[in-house]
Amino acid sequence: MSIDIDDAALPGGKTLFLRETLYQATAHLAAGRVEEAIVACETVLKTEAGCAEAFLVLGLISFELDEPSHALPLLKRAHELQPDICDFTQALAAAYARVGNVNEGLFYAKLATTQPPHPTYPDLLPAEFRNFLTNLEESKPHLYRHRAERFLIERRPNDAIEACQKQLNISPGDPATLRLLARASRAAGQVERAIAAGHALLHGHDQTPEDLSEVAAALTTAGRFDEAQACHNAVLSMAPQDAKLGSRRLQDLIRSANASSVDVARAHAEWRHDHAAPLTGKASLARPVAPSASADKTDRRLRVGYFCGQFHDNDLTRLLTPILDVHDRSRIEIYCYSDGKQSDLISERINHLSDRWTDLVDVDDETAAEILRGDAIDVAVDLTGHGDGCRLLTLARSTVPATANWLGYDHPVGNDYFLATPASWPDPEVPPTCGGRVHHLSGPLACYAPPAILPEVNTLPASALGYVSFGIVADLAAIDTNVAATLRPLLLSIPNARLIINNRHELDETCVLRTYEAFSHLGLRDRIDIVNPAENFSNEFEFYHHVDIALDVAHRGCITETCRALWMGVPVLTVPRDNFAGRLTAATLIDAECREWVCQDAADLAHTGRLIALDLSTLADTRETLRGRVSASPLADVRATARSLESAFQQIWTQRHVQ
């Protein structure tokens, strides 16, 4: 849409033309025709670039569109052009009032009382912008921050970042917005921005433990683990009784490639000693729930409560949902306790599969423990550990007979039982340092049900390219020089072999360059390619169309990612570590009946990888048959895995019930 301008007629009738067009703009705005109002203002500015009235109307339009960060600069420009006219000063006063900047708004409101009205356009400023106090009452000082919070819940971190930046333009240095910006930046993989937001927090006002913890989280995401733990240690000294901040420290510690298994275990034990253990004694004194008539029968239906802060689409729920779908309802009642704000179709699916769904968001631990007592839960299954939505203090306060860890968090946290398998925790007689017992499942640790729509297995990439492509899907923070050193013998033993690293969390250029540098130190830079999935692949499986052999040699495995590779016909080689998290891939391969790909050390990895890579005919056959092979393995047997879990629940409840 445009307004025609008769250039020849303008010199004599320019004032009349501008006046008529400006009145058109205000009439369009009053009628809600925003696009037409914008076009009219732009037409005026093409004719007279310094027209203050057009800038004022554009500012009013921005407020109509709920975009105060756009409105303020426009109204400031209008006032700069006409600083002595009441209408422009009143508009600026109203704008500041609407965004909660009382001091600036009051200054311009007072100034406006000394100025004359517009001599030509007395009705240019709508009446609602002329009363400072009315605008102050209707202010939305944190409009963009609230939008950012919503965007982050909806998993739109880049939109959240943009909203935070707009809020900071209005309210520079706002601590709550900076915290949100740091979180959104981490979620978007923009770690340098996250660190900068954290630093702005620390330098902009008095330091708080929460702000220092936010910096630590950003440093962890960047792979700067030692610096992150130094910040966490400072947090611990500032707020030793803050269990939530202690949990954040443990989240980052298990991500750290520099932390030993002993250090991780000790830190978890210390947290339990300081925060959960004192409450356990109180829980035993709590008023017990009256037992049901069949409470003394071990063959009755058990009430199993699943606790999770991430009941939405993610790697965990892709393993959990198939189990919930086939639980034997003659043996199990399913209670789900959600402590996460994100919601999607998977959330609805889990809710539907539950006998009872309880939302614990913003519910304190004592109240949540009372809810458990009222629900008479027999076995509480913790799927979160110290992750977001941690409910360990709820479980410590509760009188649930048996609590257990399963999936979701890669380390024992001190619940009564830690569910594992011989491959993931070889000796069940060796208890976790933080307390509790290890219970070996009779079936797999987890099972995998692929999505209904699964890409076809393609031909072996090496057959067309003439060289073998190894592939890793990982958090770049976990790919350091130690990982590069583990892979060096393998890559150098195979002519022209390449390694493709899938930057799963799409971390920013700083992290990418750091990863390249780790391999450059060992002379491998020309063998490495790092790719961002969003730019290169349409789904999470397509990466494996470019990979001949997958590798998992970082300090933490991922069950779901290993399954994606296997279902795409790609062998996965791994070297187990000395802890549960580092054995997950090996445990998954054993459950898939692919034990031959579990290597003992870097030398064995190089030997096994070379044998596979140099026999392209056999590798091509493996690619064609692997999906069928793993689909018939225990890893894909959902019902058997569910029965194994149900038996475990019955056994641990019985053990606790008879104590």
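## Strand E4 and its partners

Strand E4 (residues 379–382) is joined to strand E5 (residues 402–405) by four bridges, and the two strands run parallel. Strands here are DSSP runs of type E with at least two residues, helices are runs of type H or I with at least four, and both are numbered from the N terminus. Two strands pair if DSSP finds at least two bridges between them. Within this pairing, Ala380 stands opposite Thr403 of E5. Strand E1 (residues 302–308) is also joined to E4 by four bridges and runs parallel to E4; here Tyr306 stands opposite Val381.

In a regular strand the side chains alternate between the two faces of the sheet. In E4, Val379 and Val381 point one way, whereas Ala380 and Asp382 point the other way, and all are buried. Buried means under 20% relative accessible area, exposed means over 50%, and partly exposed lies in between, with a 1.4 Å probe and protein chains only.

## Basis of the model and overall dimensions

The model is predicted: local features need pLDDT of at least 70 and side-chain atom pairs count only at pLDDT 80 or more, while totals for chains, interfaces and linings use all residues. Residues are numbered from 1 along each chain as its sequence is written, and side-chain values use heavy atoms, with hydrogens and water left out.

The protein chain contains 28 helices and twelve strands. Of its 659 residues, 54% count as buried. Its C-alpha atoms fill a box of roughly 95 × 70 × 45 Å, taken along the principal axes. Contact means heavy atoms within 4.5 Å; among contacts between residues at least 6 apart in sequence, 69% join residues at least 24 apart.

## The five-stranded sheet

Five strands form an open sheet in the order E10-E9-E8-E11-E12, with parallel pairing. Strand E10 (528–531) and strand E12 (572–574) stand at the edges with a single partner strand each, so one side of each has no neighbour in the sheet. From one strand to the next, the twist averages 30°. Axes are lines fitted to C-alpha atoms, for helices over the stretch in contact, and angles run from 0 to 180 degrees between N-to-C directions.

Strand E8 (residues 469–474) and strand E11 (residues 549–552) run parallel and are joined by two bridges. Phe470 stands opposite Ile549 in E11. Helix H25 (residues 580–591) packs on the sheet, where it touches E11 and E12, and its direction makes about 135° with that of E12.

Two packed helices are described by the angle between their axes and the distance between the axes. The axes of helix H9 (residues 157–170) and helix H10 (residues 175–187) come within 8 Å and cross at roughly 155°. H9 and H10 are therefore roughly antiparallel to each other, a term for angles over 145 degrees, while those under 35 count as roughly parallel, 65 to 115 as roughly perpendicular and the rest as oblique.

Helix H8 (residues 143–153) has as its buried residues Leu143, Tyr144, Arg145, Arg147, Ala148, Phe151 and Leu152. Their cover includes helix H4 (68–81), H9 and H10. After H8 comes Arg155, whose phi is positive, near 60°.

## Leu29 in helix H1

Leu29 lies in helix H1 (residues 10–30) and is buried, with a relative accessible area of 13%. Not counting residues up to four places away in sequence, Leu29 touches Ala37, Leu60, Ile61 and Glu64.
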